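Me: I'm new to this one and would like a quick tour. Could you walk me through it?

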Amino acid sequence: MRIVMRTKGNGEWRPMNSVAFAMETELQELLAESPSLLPLAEEAPGSAPPVVAVREFGLPGSGQSDIIAFSAEGDITIIECKLATNAEAKRKVIGQVLEYAAFLWQMSYEDVDRQVSQRLGQSLAEAVAKAAPGPAWDEETFRQNVNSALLEGAFNLVIAVDGINEELARIIEYVNSRGRAGFALSALEMRLFSTDQVEILVPHLYGVDVQQAEEVSRGHKRWTEDEFLEALRQGLAENTVKTIESLLEWSHQNADRVVHGNGKQTGSATFHYLSNGTTVSVFSLLTDGKLWINFGYLSQAVPDHVEQFRQALTTIDTLKDLPKDLTKFPLRDIATIFPPNSDALQQFKDAVLQLGRAVHADAAAPAVSET
């Protein structure tokens, strides 16, 4: 690749010199500081651009990935950086990035968030909220999408190199041409050119399978109730479907509102109370058969009542192990916590209604003015 440039209004064109990266850490630093350099949105339709990147993300059992990046919508990208002169920038790097994906797969949101907080000094949601484009970003949807990607292993896998080689390009082409994997694999070539006063970076993504990228990062539309119910019936046992349908119908009767999420792979229905204009997110039903208890949101919205709610839930035999940390978002299998012919489901409903009475009593109480 040859690049020439000139100053506007000056007729003299000058060639720019190709600059070699001295170390792989230079590639890491570039992408960590400016994750938007990864042209996913332009070259992989359906994928959102990363806005937050974390270097040397520890994966117990596998070591540390070079970079893990997150989009505002909750897409996860694993990036491994290699120089073209490194012999590992061929077959071995494919195994490395797949290994990192395997060990990130099914990690909890809380474990990911803990590492991000240690690296960045702020939570993942806080970092993304600052970087997210526009005011419409929603933390609840983001958290659900990240959790869904972790559970399903739906990641963008990117090998960043300063020069693509034929062997790496062919391996990526082959992997992407064989069926519909649950991940998207590509190589990012980062070519750097410079003159005395100007630097130009030319990022180019190789091996992107458009259909596959769209499947890994689907459109972020609001699920309808019909779509939610249809997804339940396609993937879950009949008893679990009946339990979720019953709890969803009960939620419509007792919540101040039930909101369906924008999940990419997993649909959700979230039970909300409202208190003086504040949304109180209590729990979410998911189309993968899980129930999400939203202690983290409750501790922000109704801190005086969340511990009482947690204690009420722990009287249920199948929920005795709920964490005492009220910043958590416990995820539980519905078939396990609400077994047939038990009182667990009714006990859960009673605890939710008890919380609702407390929340609504607060909303109805007259404000106390200070004199």
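Reply: Axes here are lines fitted to C-alpha atoms, for helices over the stretch in contact, and angles run from 0 to 180 degrees between N-to-C directions. Helices (H or I, at least four residues) and strands (E, at least two) are DSSP runs, numbered from the N terminus. This is a predicted model: local features need pLDDT of at least 70, side-chain atom pairs count only at pLDDT 80 or more, and totals for chains, interfaces and linings use all residues. Residues are numbered from 1 along each chain as its sequence is written, and side-chain values use heavy atoms, with hydrogens and water left out.

Me: Which residues make the contact?
Reply: Y109, V112, D113, V116 and L120 from helix 4, with L124, A125 and A127 from helix 5. Contact means heavy atoms within 4.5 Å. By class, that's seven nonpolar, no polar and one charged residues. Ala, Val, Leu, Ile, Met, Phe, Trp, Tyr, Cys and Pro count as nonpolar, Asp, Glu, Lys and Arg as charged, and the others, Gly among them, as polar.

Me: And at what angle do helix 12 and helix 14 cross?
Reply: Roughly 165°, with the axes of helix 12 (residues 306-314) and helix 14 (residues 344-364) coming within 9 Å. That makes helix 12 roughly antiparallel to helix 14. On helix 12, Q308, F309, A312 and L313 meet F348, A351, V352, Q354 and L355 of helix 14. This contact has seven nonpolar, two polar and no charged residues.

Me: Zooming out, how many helices and strands are in the protein chain?
Reply: There are 14 helices and 14 strands. Of the chain's 371 residues, 49% count as buried. Buried is under 20% relative accessible area, exposed is over 50%, and partly exposed is in between (1.4 Å probe, protein chains only). Take contacts between residues at least 6 apart in sequence: 61% of those join residues at least 24 apart.

Me: Which residues are buried in helix 10?
Reply: T240, V241, T243, I244, L247, L248, W250 and S251. Helix 10 (residues 238-254) has 17 residues and reaches 24 Å from first C-alpha to last, close to the 24 Å expected at 1.5 Å a residue.

Me: What does S251 touch in there?
Reply: Leaving aside neighbours within four places in sequence, S251 is in contact with V258, F271 and F283. S251 has a relative accessible area of 3%.

Me: Where does T318 sit?
Reply: In the loop between helix 12 and strand 14 (331-333). T318 is partly exposed, at 27% relative accessible area. Apart from neighbours within four places in sequence, T318 contacts T336, I337, P339 and A344.

Me: Is N341 buried or exposed?
Reply: Exposed, with a relative accessible area of 86%. N341 lies in the loop between helix 13 (334-337) and helix 14, and has a positive phi of about 60° although it is not a glycine.

Me: What's phi for E56?
Reply: Near 50°, a positive value in a residue other than glycine. E56 lies in strand 4 (residues 50-59) and counts as partly exposed at 34% relative accessibility.

Conventions
Parallel < 35°, antiparallel > 145°, perpendicular 65-115°, else oblique. Expected span 1.5 Å × (residues − 1).
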